[in-house]
Structure formats: C-alpha cells, structure tokens
Amino acid sequence: MPRSPSRGVVALLLSCVLLLTTAACGGDDTQSASSAATPTSTSTFEQQKLAKTRFVANAGLAAGATYQWIVKPYRAGKFAKGADGRTFALVKAGLAGAFTYNRLKAAVNNAKGDPLLSKAVAPLTAGIESLKELGTKLRKGEVGAADVGAFESVINSVKDAGQSAGAVVVEKVPSTSQLGG
C-alpha cells in the first residue's frame with residue numbers, strides 16, 4: 001500500500017525538529033550515548049547462549065535433511081538408474097543438499113557468538129564450502145558414493161565439534177516445505 005507524500009513530509013519535519021531540539025539541549029551527549037550502547041554482562045551471556053542454541057537447531061536440521069533425503073535414499077538404491085521414483089528422489093536430494101549447505105553456513109555464523117564453539121567449528125568451514133555445488137550435482141543425478149560420503153562426513157564433523165563444545169546436535173528432519181522454502 002503506497003504512502004502519501006504528505007506523510008513522508010510530516011515524518012521528515014518531525015525528525016528534523018527532534019534532532020534540532022536534542023542538539024539545542026547542550027551537555028555531553030557523547031558520554032550518555034556511549035554508556036547506553038555498552039552491553040551488560042547479562043546481555044552478552046544471553047547472546048552466547050542463544051548462539052549455541054541456534055547452532056544446535058541449524059546443525060540438527062542440516063543433519064536431519066542429509067540423513068532423510070540423501071543418505072537413506074542412496075543406501076536404499078533410489079539414485080540408481082532405472083530405480084523406481086529415482087527422479088523424485090534426486091530432486092528431493094538436491095533440495096536437501098542446498099538446504100543442508102544453507103543451514104550449515106547459518107550454524108557456522110551462529111557458532112561465532114560462542115568462543116568455545118567458534119574454535120571448534122572454525123576448521124570445518126572448508127568442508128562446508130565443498131558442499132556448495134553438490135546440491136546441483138544431486139538434482140542432475142550425477143551423484144556417487146563419494147558425494148554422499150562428503151555430506152555424511154561434514155555432518156558428522158559438525159556434530160562432533162558441537163559436542164566437544166558442549167552443544168549436542170540432535171538430528172531433526174525438516175518438512176518438505178522447509179526444504180523448498
């Protein structure tokens with residue numbers, strides 16, 4: 001819904017008035033602004049705690065997607081030429097591969113909020129980057145045992161790194177709509 005130009009003008013004028021009245025008050029605004037921006041120890045602790053929780057959630061979704069739609073169908077022979085439902089299994093595996101890569105990248109970003117977890121996960125970024133093109137490879141049906149093994153080994157490495165930092169990753173299978181979205 002488009003806004004009327006008069007609303008924008010009023011908002012601009014109010015902003016200018018507010019800015020001018022604040023500047024006219026005088027005093028040492030820099031000290032009060034810097035003290036307001038300094039985080040307290042409680043908020044820092046909560047951010048680290050949330051970082052670990054988000055890491056566990058994202059890594060769990062990545063692990064669940066990998067095992068449900070890549071490893072299990074591969075072991076069941078769904079990716080073999082002439083297999084029943086091969087095309088559908090490959091499309092789901094391709095989506096799961098892209099989803100896994102996305103969630104692992106998010107998990108690594110979450111790990112940066114926790115000092116212990118960031119040290120444990122830092123060596124895994126190269127392995128996660130290696131998964132970038134495997135989603136496309138899965139969708140095209142050009143997947144082999146090495147490709148499936150790459151997904152499995154990266155997931156296991158992330159789970160082990162999380163466990164060593166006190167963040168136990170539990171597999172959580174995402175819904176099909178989560179894969180596509």
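## Overall fold

The protein chain has nine helices and zero strands. Here helices (H or I, at least four residues) and strands (E, at least two) are DSSP runs, numbered from the N terminus. Read from that end, the order of elements is α-α-α-α-α-α-α-α-α. This is a predicted model, in which local features need pLDDT of at least 70, side-chain atom pairs count only at pLDDT 80 or more, and totals for chains, interfaces and linings use all residues. Residues are numbered from 1 along each chain as its sequence is written, and side-chain values use heavy atoms, with hydrogens and water left out.

## Surface and contacts

The protein chain has 181 residues, and 32% of them count as buried. Buried means under 20% relative accessible area, exposed over 50%, and partly exposed in between (1.4 Å probe, protein chains only). The accessible surface of the chain is about 11000 Å², and carbon and sulfur atoms hold 60% of that. These areas come from the Shrake-Rupley method with a 1.4 Å probe; for residues, only the protein chains shown count as cover.

Take the contacts between residues at least 6 apart in sequence: 79% of them join residues at least 24 apart. Contact means heavy atoms within 4.5 Å.

## Nonpolar core

The largest nonpolar core holds 39 residues. Such a core is a set of buried Ala, Val, Leu, Ile, Met, Phe, Trp, Tyr and Cys residues joined through side-chain atoms within 4.5 Å. Phe55, Leu104 and Val158 have the most contacts inside this core. The elements giving two or more residues to it are H3, H4, helix H5 (115-121), helix H7 (134-139) and H8.

## Salt bridges

The count comes to four salt bridges. The criterion is a side-chain nitrogen of Lys or Arg within 4 Å of a carboxyl oxygen of Asp or Glu. One of them joins the side chains of Arg75 and Glu152, at 2.7 Å from N to O. Arg75 lies in helix H3 (residues 41-75) and Glu152 in helix H8 (residues 145-164), so the pair ties together parts 77 residues apart in sequence. Arg75 is exposed, at 61% relative accessible area. Glu152 is buried, at 18%.

Another links Lys105 and Glu129, with the closest N and O atoms 2.7 Å apart. Lys105 is in helix H4 (residues 86-111) and Glu129 in helix H6 (residues 125-129), so this pair ties together parts 24 residues apart in sequence. Lys105 is partly exposed, with a relative accessible area of 33%. Glu129 is partly exposed as well, at 34%. A further bridge pairs Glu171 with Lys159, with 3.2 Å between the closest N and O atoms. Glu171 sits in the loop between H8 and helix H9 (176-180), while Lys159 sits in helix H8, twelve residues apart. Glu171 is partly exposed at 39%, whereas Lys159 is buried at 19%.

## Around Tyr74

The structure holds one aromatic pair. Tyr74 and Phe79 form it, with 6.1 Å centre to centre and 45° between the planes, which makes the pair tilted. Rings of Phe, Tyr and Trp (its six-membered ring) pair if their centres lie within 6.5 Å; planes under 30 degrees apart count as stacked, over 60 as edge-to-face and the rest as tilted. Tyr74 is partly exposed, at 30% relative accessibility. Phe79 is buried, at 7% relative accessible area.

Tyr74 belongs to helix H3. Residues up to four places away in sequence aside, Tyr74 touches Phe79, Gly144, Ala145 and Val148. A polar atom of the Tyr74 side chain lies 3.2 Å from the backbone nitrogen of Ala145. Tyr74 and Leu90 are 16 residues apart along the chain, and their C-alpha atoms are separated by 9.4 Å.

## Around Asp147

Asp147 is in helix H8 and is buried, at 13% relative accessibility. The Asp147 side chain reaches the backbone nitrogen of Gly144 at 3.0 Å. This is a polar contact: a pair of N or O atoms within 3.5 Å, where within protein one must be able to donate a hydrogen and the other to accept it, and residues adjacent in sequence count only if both atoms are side-chain atoms. Neighbours within four places in sequence aside, Asp147 is in contact with Leu134, Lys137 and Glu142.
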